[in-house]
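The questions below take a structure a few residues and elements at a time. Each answer works towards a value or a name.

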Amino acid sequence: MSRFFATGSDSESEESSSADEITPKAPGTNFKQSLLLSDDEEDTKRVVRSAKDKRFEELTNLIKTIRNAMKIRDMAKCLEEFEQLCRAFLKSKNIVDKEGVPPFYIRLLADLEDYLNQLWEDKEGKKKMNKNNAKALSTLRQKIRKYNRDYETEIAAYKENPQESADEEEEKEPGDSGSSSDSDAEEGEDGVSAKSFLKKKPEPSLEASKFLKSAKGSGDESSSTDDDEDEDWGSDTVDSGSESSDEGEGKRSSLALVFLKKAQESEKTSERKIVKKKKTKKKERLEEEAEEEGGEEVEGGWEKVKGGAPMVKEKPKMFAKGTEINTTVVVKKLNEILQARGKKGTDRAAQIELFHALAAIATENNLGQGIMVKIKFNIIASLYDYNPNLAAFMKPDMWKKCLECIDELLDILFEHNNIFIGENIAEDSENLAVSDQPFRVRGCILTLVERMDEEFTKIMQNTDPHSQEYVDNLKDEGRVCGIIDRLLNYMENKGSTEEICRIYLRRIMHTYYKFDYKAHRRSLGLQGESKSEQDQEESEGEDSAVIMDRLCKFIYAKDRTDRIRTCAILCHIYHHALHSRWYQARDLMLMSHLQDNIQHADPPVQILYNRTMVQLGICAFRQGMIKDAHNALLDIQSSGRAKELLGQGLLMRNMQERNAEQEKIEKRRQVPFHMHINLELLECVYLVSAMLLEIPYMAAHEFDARRRMISKQFHHQLRVGERQPLLGPPESMREHVVAASKAMKMGDWRTCHSFIINEKMNSKVWDLFPETQRVREMLVRKIQEESLRTYLFTYSSVYDSISMQTLSEMFELEIPTVHSIISKMIINEELMASLDQPTQTVVMHRTEPTSLQNMALQLAEKLGSLVENNERVFDLKQGIYGGYFNRDQKGGYQQKQSYQRDQKGGYQQKQGGYQGGYQGGYQGGYQGGYQRGGYRNQNQSNY
C-alpha cells in the first residue's frame, strides 16, 4: 500500500519503503499496481449476494420505472414495464413461495389499478391521449384487472390499512440502508478490512428503500461491526493495511460484537424518531398551506396555481373606495369585464359571478331597470358562452341559472312598459340612466330564448333516453314552454311581424308532435272520471288544434321567409295526421306542393318533411286508406335508411362515405328521443299495407311475365321466409306478416287474421295507436275483403259457378259487400264472370288462357323480340337505317315503314297494359292491367 496514505510512525514508514526497494520487480509491472489489482479482485470475489436480494432488487427497479411512467402518463412505457415485472416475478416464484409476496409488490398492484381506473373515468384526459397511449391504457387496464384476481385478499388488506404496511416496511429496512452506505464509504479507504467479507449493496434511493427487505444473519452483523469501526476505531483500520494480523482482526471483531446490539437498537430508535418527525413536519406543512389558502380566499390576494403553465389573470376590482356609483361608472365596469370575454385564460365562472356582483351593486344604488336589463342580457350571454364547444351541452346548474335569469328579465320587461329593447338600437343611442325618457337597451330577447330552446334540445340529445335523468330533464320542457308563451305575449304587443313569426314557430315546434288526449276524449264524448278532472278540463285553455290553426295561419299570411312557412305547414300537417284528420292533412300537403322542391331545403327541414310523410301514411292506414298509406311510406321504407332519414339515429357507414366532422354535424341534427316515431310500428304498417295490395295482385297475375312489384321490401321478406330451412312459429313482427301473407295466398283469412292480430302483435304494434279497437276492426275487414279477392283470382278456373251466399259464409261478409266486390272485379275486367241475379250466383266464363297457352304466348313474345333485334343488326351491317332516313330504295323504305307500324302497334299494346296496371295499382279499383280479361280484349283488338 502507498506510504502517502499511512498514518502510522516514521519508523514503520521507513521499513515499508525499504522493503519496497529491496523487493525485485517483474519486468513491465509495478508492485503497487499489482497489489491494488489484487485488492479489487478480492473485492469482486468476496461480494456474495443472495438470490432473494437479486430478485427483489430487480423487481424494485422495475417498480420504480413504472412509477416514473405513471407520473408522466406514459401508458405505453407502463405496459411494457408491467409485462417485464410479471416475467421477473414469475422467475422469483421459488423465493416468493418461501418468503411470501413482498408488500411493495402488492402496493404497486393496488396503486396501479386505482391509477388506471382514475384515468379511465377521465373522459377529457382520454380524448387528449395519443393513439398508442389510449390503446396501451385499455390493454393494461384489462391485464391488471385479470392479474389482480390472484391477489385480491392481499390487495384488500393493503387498502384497509395502507399506512401500517408502509410503516412495517420502513421498520425492516433501516439496517440494510445504513450498512450499505457505511460499507461504501469504507471501501475507498481500505480494501483488506473486515468490510470486504460483507455483501456489496448499492445505496438504495428513498423510494426504493421502502420496498427492500432487510437480509438477516451474518450480513447484518458484519455490516453493523463496520459501522462501529468507522465511527469509533477509524484510525486503527487505516494502520492495519501493512501490519494487521489475524490476532488483531479477531480482537477487533470481538470488540464490535460487544457493541453490536446496542448500535443496532440505537440506530433503529433514531431512525424511527426521524420518520415520526418527518411525518409531523409534513402534517404541519399541509395544515399551514390549508390555512394560507383559506386566508387567501378571504383576502382575495394570492391564488394557488393547480398545474401547468401559470396563467396571468388580473381579477378586475369592482370599485375603489369612495367612488360614486352611477350609471356611467357601472357601464364602464361592465365593458371592462366584457373585454376579457373570449380571451385565453379567462375564468368564465368568475366572469358570471362578477356580473351578478355588478347587478347587486346596481340594485343597491337604485340605478334603474335599464342598467339591470343590460346586465341581465350579458349574464345570459356569458352563461351560453360557458361552453365554447358548439357540440357540448350546458351543465345542469348553468341551465337552471339560465332559466332563472330569463324569467327575471321577462319579469322586468312586463313590469316596466317604458323599456324598449332591440338589436336595431345602437350602443351610442342607449338610454340606461333614470330620466323622463323611456329606457332604450340594445339586445334581443328573442335570440336569447331561441338559443335557450336549442340548448334544451342539446341537453335532451346528450342524455341517455332510458335513464331517470332524461325524465328529470324533460320536466324542464314545461318551464321552456312557459318562457316561450310569456315572450309570445310580450312580442304580440311590442314585436315586429318577423319576430312574432319566429316566436310562433318556436311554440309550434313544441306542440306539433304531442297528442292531445283531453281533446280526443272530448271528441269521443267522454268526461273526466272525477269532478276535479272535469273542472280541470273546463279551466284549461283551448285545444292544441285551435292553437296550431291560429299560429300557423298567422305565419301563412305574414311570413316573408320560405323556411318558417315551410316548417309551419309541415308541423300543421303532422298535427292533423296525428289526430286522424286525414282529409285536412292530405289536402294541405297537396296544396302546398312541398314535394316538388323539398330536395332544395336544408337537412333539418327535410327531416321534418320525412317525419310528416310517415305520420301521414300511418294516419291513412288508421283510416283504412291502404293504397295511400303505402304510397306515403314507400320512399322512406324502400331506402332501408328509415332511422337516418327520420333523424332518429345514424347507421354504420364507411369513413369514405362520411368523415368524423360530418358525423358530428349529423348527430346535432338528431331528434330527441321523446319525439321519435316507433320504427317497428312504421315497418309493420308498411308491410301490412303491402301485403293487402300485393297478394291479390300476385294471384291475379300469376302467369304474367311482365308482372311488376308493388313493394320490393315485401318481396324481399317473402324470399327470406321461403329460404328458411325450418319453419317454426313466427316470433318477430316480420315473420308474422310473412306467415299471414302465405295464409292469404291460399284464401285462408282466419289464419291470416290470427297471425296479424294476436297478443304479441298487439303489444308490439296495435296497442300503440290511440283508437286501438277501431284499427283492429278495420284490419279484420280489409283482410276478409282482400282474401275474398285472392280466393276468386286463385280458384276461378276450378269453378263453373259459385253462390254468393257460400262466399258470404266463408269470409263472414254481408252479401251486399260480396256483391259489391265481385261487381267491381267484373267491371274492371279483373274477373271474367257474370252475376246471375235471381239465383245470386257468379257464373265463370272460360276465357282465360290455360297455363300452356300462357307459356306459348310468352315464347311467341320472346321470339318476336329476338327477330326484331336480329333485323336491326342486319340493317346496321347493310347500312340501311330503316325508317329513320329516306332512301331511294323505295321498297326497303316501305318495308321498314310497315315494320314501324307493327312495332308501334306492339308498343301501344304494351303501353296500354302498363298504364292499366299502374292505374289498377294506385288509383283505385285495380282497373285494367295485365289481367286475363284485359289481355283477351287486347288480343281481339289487335288481331
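**Aromatic pairs, a helix pair and a loop residue**

Q: In this predicted model, is Y105 buried or exposed?

A: The relative accessible area of Y105 is 0%. The cut-off for burial is under 20%. Y105 is therefore buried.

Q: How are the rings of F89 and Y105 arranged, stacked or edge-to-face?

A: The ring centres of F89 and Y105 lie 4.0 Å apart, with the planes at 0°. Planes under 30 degrees apart count as stacked. The pair of F89 and Y105 is therefore stacked.

Q: How many residues apart in sequence are the parts that F89 and Y105 tie together?

A: F89 belongs to helix α4 (residues 75–91), and Y105 belongs to helix α6 (residues 103–121). F89 is buried at 7% relative accessibility. The parts tied together by this pair are apart in sequence by 16 residues.

Q: Which residues form one aromatic cluster with F89 and Y105?

A: A search of the whole structure gives 18 aromatic pairs. One aromatic cluster contains F89 and Y105 together with F82, Y147 and Y151.

Q: How are the rings of Y470 and F673 arranged, stacked or edge-to-face?

A: Y470 is in helix α21 (residues 468–474), while F673 is in the loop between α33 (660–668) and α34 (679–700), so the pair ties together parts 203 residues apart in sequence. The ring centres are 6.4 Å apart and the planes stand at 85°. Planes over 60 degrees apart count as edge-to-face, so the pair of Y470 and F673 is edge-to-face.

Q: What is the relative accessible area of F673?

A: Y470 is buried, at 3% relative accessible area. F673 is partly exposed, and its relative accessible area is 38%.

Q: Is α22 roughly parallel or roughly antiparallel to α23?

A: Helix α22 (residues 477–494) packs against helix α23 (residues 497–509) at an angle of about 160°, and their axes are 10 Å apart. Angles over 145 degrees count as roughly antiparallel. Helix α22 is therefore, relative to α23, roughly antiparallel.

Q: How many charged residues are in the contact of α22 with α23?

A: Residues of α22 in the contact include D485 and E492, and those of α23 include E499, R506 and R507. By class, the contact has seven nonpolar residues and no polar ones, and its charged residues number five.

Q: Which residues does N418 touch, not counting residues up to four places away in sequence?

A: N418 sits in the loop between α19 (396–415) and β1 (419–422), and N418 is partly exposed at 34% relative accessibility. The residues N418 touches, not counting those up to four places away in sequence, are P438 and F439.

Technical notes. Residues are numbered from 1 along each chain as its sequence is written. This is a predicted model: local features need pLDDT of at least 70, side-chain atom pairs count only at pLDDT 80 or more; totals for chains, interfaces and linings use all residues. Side-chain values use heavy atoms; hydrogens and water are left out. Axes are lines fitted to C-alpha atoms, for helices over the stretch in contact, and angles run from 0 to 180 degrees between N-to-C directions. Helices (H or I, at least four residues) and strands (E, at least two) are DSSP runs, numbered from the N terminus. Angles under 35 degrees count as roughly parallel, over 145 as roughly antiparallel, 65 to 115 as roughly perpendicular and the rest as oblique. Contact means heavy atoms within 4.5 Å. Ala, Val, Leu, Ile, Met, Phe, Trp, Tyr, Cys and Pro count as nonpolar, Asp, Glu, Lys and Arg as charged, and the others, Gly among them, as polar. Rings of Phe, Tyr and Trp (its six-membered ring) pair if their centres lie within 6.5 Å; planes under 30 degrees apart count as stacked, over 60 as edge-to-face and the rest as tilted. Buried means under 20% relative accessible area, exposed over 50%, partly exposed in between (1.4 Å probe, protein chains only).
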